[in-house]
Amino acid sequence: MRVWIVVALCLAGHAMAAPTEEQPIMEEEPMVEEELFVEEAVHEEETTVGMNPVQIETGEFDEAIQIEEDFPAENPCLNHHCKKGKVCEIDEENNSPMCVCQDPSSCLAAAGEFDHVCGTDNKTYDSSCHFFATKCALEGTKKGHKLHLDYLGACKFLETCVDAELSEFPLRMRDWLKNVLVTLFERDEDNNLLTEKQKVRVQKIYENVKRLQSGEHSLDLLAHDFEKNYNMYIFPVHWQFGELDQHPADGFLTHTELAPLRAPLIPMEHCTTRFFDECDADSDKYIALEEWAACFGIKEEDIDKDMVL
């Protein structure tokens with residue numbers, strides 16, 4: 001579901017010797033100090049020609065001019081991370097990076113309908129970039145605090161989730177989480193999609209001959225399999241909690257942390273929002289592991305924080 005460059009140019013040059021005319025022999029005169037200095041300087045320059053690999057030929061002069069490569073100072077923004085909706089700029093006073101709200105007009109235009117996103121204000125945004133840039137501009141306001149990315153795609157009418165439908169949601173969700181883990185295990189030869197400890201747990205599920213294979217199943221069959229093979233569903237529920245609890249990893253899920261799971265699910269499962277809202281049993285805007293596990297029917301004695309790590 002969710003689931004962080006130097007080329008050296010060498011220009012070789014050589015000194016061109018200018019032709020000289022034969023001069024009449026004249027009696028040598030003692031060199032004054034200034035002439036000696038000039039001669040030494042010229043001699044030194046001639047001996048260095050061709051020794052430095054970074055040289056160019058001027059065409060008009062016999063000397064080779066040394067070019068010193070100018071390395072620009074490293075951009076402080078290169079390794080500075082800003083959250084969605086913000087971009088890094090350099091504070092000119094102290095040359096330090098700072099995050100500022102991105103101008104929505106700087107976002108790339110949507111390439112297709114699937115780039116659109118729907119906000120909780122029931123407004124369609126061209127892309128997630130446009131949405132988060134807009135939310136950033138509202139930072140500190142009541143409207144900005146309530147604005148979240150609701151789901152992927154343009155806003156549309158969603159039917160009301162009734163109680164009977166709500167009870168069906170965790171049946172499909174549990175089965176889906178289990179199949180996601182099995183798929184990751186099958187593809188995880190060199191991709192490090194799972195940790196070694198996770199692989200051991202998933203392998204037991206993968207090799208279990210009683211495992212319900214992925215596919216379209218009736219709700220009755222999903223309910224029966226959960227009751228019969230309950231142990232296969234414990235780890236997938238813990239794993240998904242750990243995948244979402246990242247910003248920060250504090251043992252609680254916020255609305256923002258749930259977004260990567262909610263956003264793609266809502267268009268397919270219209271009970272998604274109500275399900276996660278009701279998972280927050282104490283209505284404190286945070287979903288603890290105990291609340292999350294209870295939503296998926298995991299028994300209290302089987303909740304283990306070590307499975308999340």
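Which residues lie nearest the centre of the second largest pocket? The points below take up this matter, together with the rings, the disulfides and the backbone.

1. **The model as a whole.** The structure is a predicted model. Its protein chain has 10 helices and 9 strands. Of the 309 residues in the chain, 31% are buried. The accessible surface of the chain comes to about 21700 Å², and carbon and sulfur atoms account for 54% of that surface.

2. **The second largest pocket.** The residues that lie nearest the centre of this pocket are Arg172, Met173, Trp176, Leu265 and Glu269, out of a lining of 15 residues. H4 and helix H8 (255-265) are the elements that give two or more residues to the lining. The most is given by H4, with 6 residues. The volume of the second largest pocket is about 340 Å³.

3. **Phe226 and Tyr230.** Why is the pair of Phe226 and Tyr230 edge-to-face? The ring centres of Phe226 and Tyr230 are 5.6 Å apart and the planes stand at 70°, and planes over 60 degrees apart count as edge-to-face. Phe226 is buried, with a relative accessible area of 13%, and Tyr230 is buried as well, with a relative accessible area of 12%. Each of the two rings has a charged residue over its face: Arg174 lies over Phe226, at 3.4 Å from the ring centre, and Lys299 lies over Tyr230, at 5.0 Å from the ring centre.

4. **The disulfide of Cys107 and Cys129.** The structure holds 7 disulfides, and one of them joins Cys107 to Cys129, with an S to S distance of 2.0 Å. The link of Cys107 and Cys129 is left-handed, with -75° about the S-S bond. Distant parts of the chain are linked by this pair: Cys107 is in the loop between strand E4 (96-101) and strand E5 (117-119), whereas Cys129 is in helix H2 (residues 128-137), 22 residues apart. Is each of these cysteines buried or partly exposed? Cys107 counts as buried, at 9% relative accessibility. Cys129, with a relative accessible area of 25%, is partly exposed.

5. **The disulfide of Cys118 and Cys155.** Cys118 is joined to Cys155 by a disulfide, S to S 2.0 Å. The link of Cys118 and Cys155 is right-handed, with 105° about the S-S bond. Because Cys118 lies in strand E5 and Cys155 in the loop between strand E7 (149-152) and H4, the pair ties together parts that are 37 residues apart in sequence. Cys118 counts as buried, at 1% relative accessibility.

6. **The disulfide of Cys279 and Cys295.** The sulfur atoms of Cys279 and Cys295 are 2.0 Å apart and form a disulfide. Cys279 lies in helix H9 and Cys295 in helix H10 (residues 289-295), so this pair ties together parts that are 16 residues apart in sequence. Cys279 counts as buried at 1% relative accessibility, and Cys295 counts as buried at 18%, as the cut-off for this class is under 20%.

7. **Backbone points to inspect.** A cis peptide bond joins His247 and Pro248, with omega about -5°. Pro248 lies in the loop between helix H7 (231-244) and strand E8 (252-253). Ser283 is a residue other than glycine with a positive phi, near 55°. Ser283 is found in the loop between H9 and strand E9 (287-288) and counts as exposed, at 57% relative accessibility. Lys285 is placed in the loop between H9 and E9; the phi of Lys285 is near 75°, again a positive value in a residue other than glycine. Lys285 counts as exposed, at 68% relative accessibility.

Methods:
Residues are numbered from 1 along each chain as its sequence is written. This is a predicted model: local features need pLDDT of at least 70, side-chain atom pairs count only at pLDDT 80 or more; totals for chains, interfaces and linings use all residues. Side-chain values use heavy atoms; hydrogens and water are left out. Helices (H or I, at least four residues) and strands (E, at least two) are DSSP runs, numbered from the N terminus. Buried means under 20% relative accessible area, exposed over 50%, partly exposed in between (1.4 Å probe, protein chains only). Accessible areas come from the Shrake-Rupley method with a 1.4 Å probe; for residues, only the protein chains shown count as cover. Rings of Phe, Tyr and Trp (its six-membered ring) pair if their centres lie within 6.5 Å; planes under 30 degrees apart count as stacked, over 60 as edge-to-face and the rest as tilted. A charge sits over a ring if NZ of Lys or CZ of Arg is within 6 Å of the ring centre and within 35 degrees of the ring normal. A disulfide is a pair of cysteine sulfur atoms within 2.5 Å. On a 1 Å grid over the protein atoms alone, a cavity is a set of points where a 1.4 Å probe fits but cannot get out, and a pocket is an open set with protein on both sides within 12 Å along at least five of seven lines; lining residues have an atom within 4 Å of a point. Grid points are joined across faces, edges and corners, and a volume is the space filled by probe spheres set on the points.
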